[in-house]
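This report describes how the parts of a modelled assembly are arranged and how they touch. The sequence and the structure are shown first.

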Amino acid sequence: MTVDKIPTGAEKLVQCLEREGVEHIFGLSGGAVIPIFDALVDSRIKLILVRHEQGATHMADGYARATGRPGVVLVTSGPGATNTVTGLLTALMDSSPLIVITGQTNTVNLGKDAFQEADVTGITYPVVKHSYLVKDARDIPRVMREAFYIANTGRPGPVLIDIPKDISSGPCDAPFVEEISLPGYQVPTHAPQERVEAAARLLRDAERPLLYVGQGAVISNAGKAVIELAERLRAPIVNTLLGKGAADETHPLHLGMMGMHGTAYANKAVVHCDLIFAIGARWDDRVTGKVDEFCMDAKKIHLDIDTAEFNKVLRPDISLQGDARLVLEDLLAVLEPGETTAWIERCAAWRRQYPLKYPKKGGLRAQHVLDRLHHVTEGKAVITADVGQHQMWAAQFLKTAANRHWITSGGAGTMGFGWPAAIGAKFARPDAEVWAVVGDGGFQMTMAELATAAVHGLSARCLIINNNYLGMVRQWQELFYDNRLSGVDLEGNPDFVKLANAYGIEAFRIRRAADIDRQLKAARSVKGPALVVAEVLKEDNVFPMIPAGAPVSHMIIDPPRHRLEKPSGST
Amino acid sequence: MAAPEPATPAWRRDHVRTISLYVHNRPGVLVRVALVFARRGYNIESLVVSPAAEGHFSRMTITCSGDPATLEQIIKQLHKLVDVVHALDHTGDDAYETEIALVKVECGLHERSEVLQIAEHFGAKVTDYGENSLMLRVYGSSEKLDAIITLLRPCGLRELIRSGKILMVRGLQET
């Protein structure tokens with residue numbers, strides 16, 4: 001190859017990826033994307049071949065959430081591209097930076113129902129932060145630079161790039177791009193000083209302040225500032241499902257997760273606070289319950305990088321637009337502590353009065369297994385969780401001490417996310433211990449990725465909490481629909497141990513409490529992937545629980561003895 | 001015969017909002033803007049897109065109706081689009097607004113004095129004087145256009161095309 005040879009669009013694209021520091025691509029090939037796969041042969045970027053495109057998006061998402069760097073996906077046109085839609089939604093809802101590159105039919109065939117053609121930019125408009133259809137190879141360097149910048153600045157999100165095959169296989173003589181011009185896109189940093197000072201006054205005057213920490217604090221790495229704020233104000237901390245780990249959950253001022261299945265003491269604090277300070281959180285319906293009755297008498301401060309979140313669910317007394325860490329640091333510079341001793345003691349009393357608990361006798365319980373997983377891994381593992389009962393129990397019992405050690409699909413609630421996300425996280429952080437906690441339902445949606453882990457000898461662990469049910473829906477049907485079970489019995493589940501073995505993956509089974517530590521430790525010591533199946537009680541329910549649409553004060557702490565009203569919330 | 005409609009429909013009097021957008025002229029920007037409205041079930045009454053003074057940029061003037069809280073969300077979501085430079089609600093601002101309508105009225109040579117009288121009153125220009133029809137061009141505020149259309153309806157109104165409202169803020173303040 002001579003130095004002067006004009007690269008193809010595909011070669012230029014791969015060079016752009018290298019310049020962006022990409023080390024891994026999660027992809028699945030196909031006709032329209034062969035030129036890009038061909039260019040990858042000569043690249044130092046490691047291609048991870050997946051078994052289904054949805055798996056690729058979740059792997060890239062897990063990779064992104066474990067590191068804060070964009071995860072990259074490469075798939076073909078038509079069905080390859082449409083299979084990424086769920087992953088795009090998952091990433092958008094949780095503000096996760098993804099770059100999804102989709103092959104496309106030749107430009108002359110666009111809109112003609114050519115083989116494996118789909119209007120991919122059209123299909124994905126509502127689930128991307130931004131997208132491109134590249135119709136001129138000379139645009140490739142600019143589009144790639146813009147895409148990475150947009151994906152991982154401000155409120156991060158997925159960016160899709162659709163590249164017709166003639167563009168990727170044709171020549172591209174455009175130079176690399178450093179400077180970009182996006183007049184419609186600004187990245188907020190600091191909030192106005194007078195608003196920061198006004199927030200500081202409200203915090204000083206509060207007798208019962210509460211810090212409510214979300215994904216924005218994870219993204220901006222604001223944990224240290226959150227802890228300092230809590231310690232100086234003497235204010236308790238609660239976090240959302242996605243905010244777990246932004247601030248150390250084992251800190252004495254931390255009350256754990258709030259919301260629908262949060263700890264009772266966290267939700268008690270929400271009900272009784274006189275000031276709630278949302279830090280990179282968006283008053284989601286899982287958190288507020290009935291909005292009209294949420295913290296009615298409390299002052300509200302809302303810190304978010306996305307101005308569209310202000311006044312969306314409720315009207316805060318003060319809104320602070322900016323990066324969570326930067327704004328908190330500005331706030332700390334002007335903060336005067338208030339008097340909160342009585343409040344802290346009250347929260348501590350709730351913690352003693354309403355601890356998370358579960359019976360250790362009468363059959364194997366998921367809570368017990370997860371509680372032990374936390375201890376066996378010394379609370380240091382990166383945990384990815386799927387969606388359902390196991391996810392809520394994992395959020396309750398696996399206290400997250402460090403940022404980016406808890407990865408789950410919150411906003412979208414995408415079943416099938418957990419296992420591929422763990423694979424992505426393990427590729428991103430090979431030195432970390434990575435466990436996926438999944439249910440038998442969600443796992444079967446993306447279990448083909450067992451092959452991906454096996455072929456790379458990747459030491460990711462998968463713990464299946466198997467109750468042979470779609471457990472969360474079964475719980476709702478039991479509590480709110482007279483136990484009329486409909487479409488929740490997963491009879492026909494495979495033997496997951498044999499299934500793993502079929503892929504050459506070592507697998508372990510937990511049948512009783514006495515097995516737990518031994519089997520978890522055995523799985524930990526495996527070189528390469530390992531799978532553990534915990535055969536738990538079929539009919540167990542997650543508590544505490546705030547029925548959807550009910551106020552937080554209507555939290556159910558213990559299993560109810562009578563039938564409950566159907567929830568007014570939609571899901 | 002149905003009772004004549006009031007000159008200005010209730011939705012326009014009560015809820016109509018005018019938003020102007022300054023957008024980076026990139027493929028798909030119109031779809032992205034339209035989806036922000038569609039997702040919330042918000043109806044666009046009119047939408048005008050044209051090139052701006054600066055190359056690579058376009059202006060959109062959108063009129064729509066709906067509740068103000070949703071509209072606040074819509075404007076913020078529009079502003080959030082990467083290709084939207086700004087989105088402003090100009091309802092109630094000191095701005096010049098105008099709209100053009102073309103109206104075709106079916107009427108014979110001996111039945112058109114009333115139509116011509118209405119046209120004259122509204123400053124409408126006759127742009128086609130046919131044997132069996134007249135075409136009128138009228139411009140002005142949307143309310144004025146509503147009024148002439150209401151009057152022409154019983155006179156044999158056959159076709160109506162409105163450009164949609166365009167708007168520019170007075171003085172040096174940005175539209």
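Domain bounds, as used here, come from an automatic or database domain assignment. The model is a predicted one, in which local features need pLDDT of at least 70 and side-chain atom pairs count only at pLDDT 80 or more, while totals for chains, interfaces and linings use all residues. Residues are numbered from 1 along each chain as its sequence is written, and chains are lettered from A and ligands numbered from 1 in the order in which they are written.

The assignment for chain A is as follows.

| Domain of chain A | Residues |
|---|---|
| domain 1 | 9-169 |
| domain 2 | 193-353 |
| domain 3 | 366-543 |

Between domain 2 of chain A and domain 3 of chain A, the C-alpha centres are 30 Å apart. Their contact (C-beta atoms, placed from the backbone, within 7 Å) takes 14 residues from domain 2 of chain A and 14 residues from domain 3 of chain A.

Where the chains meet, 17 residues of chain B and 14 residues of chain A form the contact. On the side of chain B that touches chain A, α2 (29-39), α3 (68-80) and β4 (84-89) of chain B each supply at least two residues, and α3(B) gives the most, with five residues.

Notes
Two residues are in contact if their C-beta atoms, placed from the backbone, lie within 7 Å. Helices (H or I, at least four residues) and strands (E, at least two) are DSSP runs, numbered from the N terminus.
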